[in-house]
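Please look over the sequence and the model shown here. The report that follows starts with one residue and then moves to the wider structure.

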Amino acid sequence: GGILLGPSALGRSERFLQAVFPPKSQTVLDTLANLGLIFFMFLVGLELDPKSLRQTGKKALGIAIAGISLPFALGIGSSFLLRETISKGVDSTSFLVFMGVALSITAFPVLARILAELKLLTADVGRMAMSAAAVNDVAAWILLALAVALSGSGEPVEETYVCATLAAVLAAGFITDAIGIHAMFGAFVVGVLVPKEGPFANALVEKVEDLVSGIFLPLYFVSSGLKTNIATIQGLQSWGLLALVILTACLGKIVGTFVVSLSFKVPLREALALGILMNTKGLVELIVLNIGKDRKVLNDQVFAIMILMAVVTTFMTTPLVMAVYKPARRARVADYKHRTVERKNSKAQFRILACFHSARNIPSTINLLEALRGIQKSEGLCVYALHLMELSERSSAILMVHKARRNGLPFWNRGRQSNPNHIVVAFEAFQQLSRVSVRPMTAISSMSDMHEDICTTAESKRAAIIILPFHKHQRLDGSLETTRSDFRWVNQRVLKHAPCSVGILIDRGLGGTTQVSASNVSYTITVLFFGGRDDREALACGARMAEHPGISFIVIRFLLAADAIGNTVSVDMAGNASMDEEVLSEFKLKTSRNGSVRYEERLVRNTAETIAVIREVSRCNLLLVGRMPDGELALALSTRSDCLELGPVGSLLTSLEFSTASVLIIQQYSDRVFMNLASELEEDSPDKGSDLSN
């Protein structure tokens, strides 16, 4: 945008420049732009955790060193050619360092955004790229400080603004500028020195980042664009030099990173993708070039060439990575056998992907997992706890990377990396008390494609069931209030694309607001069984819970009375009915000696009687229901459904008049295409203009 507004395009018109950017406005623009730069560097320092840099592995460190040293050397080499052609008379030493730094930089925040949008941020190649880029970033700042110190004695400072809340940042900028180093380094140091433990650093980021990234930094980009005049690149020689600089930048970064990655036995495609990713340029590149231009180290022509190099190398990153490295095309997991809770081999390891948005979801999720633990099976229970984080326009790149770097690590490997927060403590306690394998994971994506991360993770971890929190939470008066309607659409898309069974948990405080230890569990859990595959899956979940010594388990089977009246509709379900009978017979046989299990059959004649029975048996801690039960009774209830992702019975149970219990609505995985489900959810999707308040 800045380039288009500048002398390269619209700024060719003197009338336009005089009207939009008169000469007297340049000082104000540059002042605000540099003020934004100072606070941006404060944020960079604030988010930089020196501890995490010290924990960078040898592989990432080696890749980072190669990604700096070879481009730096090639940058110095190209500077000799530029000095002989279009940069005659500039100071040789500072020009060499500026060119070396400009070519060796990797734009850390830009790289984080590209990786997140390509779904690679939590993949091996993404974590390696970000670890290497973090080291590269710090090295680049050190080299830039050297270049600034070599290029002059500093400029006179006109500090007229006083920022009450961040006075230390401005003061530090003033001091470093006065001693001959750019003001941004003082702000950077203050940011690094701010303690990272506790909520203070996060609060500062929250308060400052919107102002800096939303108002000040765009001015810096505009200011840079206004200084860029592509018209200065004239003749074959200049365009040839542009091609040479682009080639040198790509060759140094890509080849250097590629060769060292191969030496660390990184797979060929990943090594090439790493090289391309490390070639990303961004704001840091602009800062280097602007300082070089301000210090008269770079003339207009070299500045324009370097700006175009940064634009080209960054624009080519995404398409090249997509062409070289396509993890989305991975083959389906070959040994993914247990995609449902219902299974022949009950001793096989039971894998759950438990998703949560915030700390509010944690206690009930853990208490549900404790109930599902059952007794000690031969291979036990394995839980993948997936923290769903939205990739918003203002997501802090470095904070995202700190979370992604720890993705999938066992808790005992994370204790020394940072102070564990309450979420980590909760799952760690559950792991130790219940002897269950728990793996924390993080999904960072936009709300529109968060379901892809959930489904991909479920498939890669071979989960039997995905547990999702309902998009509403319980208020103090017991009613349900929408947390965020976006999560409703995420749940619907997961139901549509899941590679395994799915459960949506309506949380009404299962076990209270804290984790309940195994010895203190005392729940009554009820299954409402109408028939069909989803109800059989709910029964399978309940059967597993019934093994827990602290759980009383009740199965209520609804049967249509022979003299049924009302608006029930005849449905042909002979196949499902025979399977239902077989499963129920097997269940009754297995639990016949278990005094905590009760099986009841209720004959009902119409919808009113069905609802009355549901209201009667719903006085418990947890209700298990199938999402789409079969039979005439369920079909009659379906007209009352206002949340299609919950199905008829689940929707009924969202109302306080029916139940105050938590509800787990379950959909069993089927290898058939859910055509009916897809069409139902399509009609109810936000794209169709449905009411978001549901």
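Val259 is partly exposed, because its relative accessible area is 49%; buried means under 20%, exposed over 50%, and partly exposed in between, with a 1.4 Å probe and protein chains only. The model is predicted, so local features need pLDDT of at least 70 and side-chain atom pairs count only at pLDDT 80 or more, while totals for chains, interfaces and linings use all residues. Residues are numbered from 1 along each chain as its sequence is written, and side-chain values use heavy atoms, with hydrogens and water left out.

Val259 lies in helix H12. Helices (H or I, at least four residues) and strands (E, at least two) are DSSP runs, numbered from the N terminus. Helix H12 (residues 235-263) supplies the largest share of the patch, three residues.

An unreviewed UniProt entry lists residues 94-116 and 239-264 among those for "transmembrane region"; such annotations may be inferred rather than shown by experiment. In the model, residues 94-116 are 87% helix and 0% strand, with end C-alpha atoms 36 Å apart. Residues 239-264 are 96% helix and 0% strand, and their end C-alpha atoms lie 37 Å apart.

The strands come next. Ten of them form an open sheet with mixed pairing, in the order E3-E2-E1-E4-E7-E12-E11-E8-E9-E10. E3 and E10 (597-604) are the edge strands, each pairing on one side only. Two strands pair if DSSP finds at least two bridges between them.

| Strands | Bridges | Sense |
|---|---|---|
| E1 (residues 350-356) and E2 | seven bridges | parallel |
| E2 and E3 (residues 437-445) | nine bridges | parallel |
| E8 (residues 523-529) and E11 (residues 622-626) | four bridges | parallel |

Within these pairs, Ala354 has Ala385 of E2 as its bridge partner, and Cys382 has Ser437 of E3. Leu528 is partnered by Val625 in E11. Strand E2 (residues 381-390) is mostly covered, with eight of its ten residues buried.
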